[in-house]
Amino acid sequence: MKALLLILLVCEAIFANITVKDSIVREATAVYHKFHEMMSKNVKNKISQEGIYKAAEFCANESYKKIEEFNTTLANNVSIKRVSLNNRNPNSYPKDDEKKILEAFDLIEKSDAYLPSEIVQMNEAGDYKIYFPSTMSSKSCKSCHGAKKGVNEEVYNLFKSKYPNDKAFDFVSGQVRGAVVITVKQK
Ligand code: HEC
């Protein structure tokens, strides 16, 4: 009887844990979709209406602010950012715990395995970080992150002057460019 009770308690604990994690992932995924839609709509509209140079100016001068603005719409314990091991914006370089997950994405990619839609990490404080891989999913990414010689000269010069340590060129279609990280602090 005691053994059965113990099993039930363990099951309950496991179940409760899964539910917390699952609901956090669900919440983060909804935020991610909204964010992704907002960013890609902005860039796509700029490209189709004003051309690649204006879109590049938007990405260089406004996209970081847009992310900060988007953050203000989220619950106090939730935040979003973009990170990359080959970053363009110096602020987008990952922290140590984040580097490991980005390396994991690269390893999965090199292993010809399918990328997961997200990886969930829990830090020492018990906060969750949900990583959504950002891949070179459309042709347009290449206009600004592809081989240097294929990038419009004005766009290249704009990036060169704004980001002297730019590492975000020479990516190929499908490659992981970085990740969107959503942090959910446990209240
Ligand atoms: C019109 C140019 C342009 C296009 C198109 C573009 N990007 Fe970027 N991207 C930039 C610029 C400029 C930055 C740096 C923004 C900043 O200062 O935060 C950037 C930053 C990023 C970052 C954040 C990390 C870093 O390097 O600073 C990721 C991730 C990223 N881009 C992925 C993509 C993906 C994936 C696509 C295609 C779906 C894409 N980008 C399309 C110009 C572009």
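1. A residue counts as buried here if 20 or more other C-beta atoms lie within 10 Å of its own, with C-beta atoms placed from the backbone. By that criterion, 20% of the 187 residues of the chain are buried. The model under discussion is predicted.

2. Regarding overall architecture, the chain contains 6 helices and 4 strands. Read from the N terminus, these elements follow the order α-α-α-β-α-β-β-α-α-β. The C-alpha trace spans about 75 × 40 × 25 Å along its principal axes.

3. Contacts were also considered by sequence separation. Of those in the chain between residues at least 6 apart in sequence, 66% join residues at least 24 apart.

4. The helix α2 (52-61) deserves a separate comment. Its residues Ala-55, Ala-56 and Cys-59 are buried. These three lie on the same side of α2, because they cover an arc of only 100 degrees around the axis. On the other side of α2, Lys-54 and Asn-61 are exposed.

5. The ligand has 27 residues around it, of which Cys-59, Asn-89, Cys-141, Cys-144 and Gly-178 come nearest.

6. As to the origin of the shell around the ligand, at least two residues are supplied by each of α2, α3 (63-72), β3 (128-135), α5 (139-145) and β4 (176-184). In composition, the shell divides into 13 polar, 11 nonpolar and 3 charged residues.

How values were computed: Residues are numbered from 1 along each chain as its sequence is written. This is a predicted model: local features need pLDDT of at least 70, side-chain atom pairs count only at pLDDT 80 or more; totals for chains, interfaces and linings use all residues. A residue is near a molecule or strand if its C-beta atom, placed from the backbone, lies within 6 Å of it. Ala, Val, Leu, Ile, Met, Phe, Trp, Tyr, Cys and Pro count as nonpolar, Asp, Glu, Lys and Arg as charged, and the others, Gly among them, as polar. A residue is buried if 20 or more other C-beta atoms lie within 10 Å of its own, exposed if 12 or fewer, and partly exposed in between; C-beta atoms are placed from the backbone. Two residues are in contact if their C-beta atoms, placed from the backbone, lie within 7 Å. The arc is that of the directions from the helix axis to the C-beta atoms.
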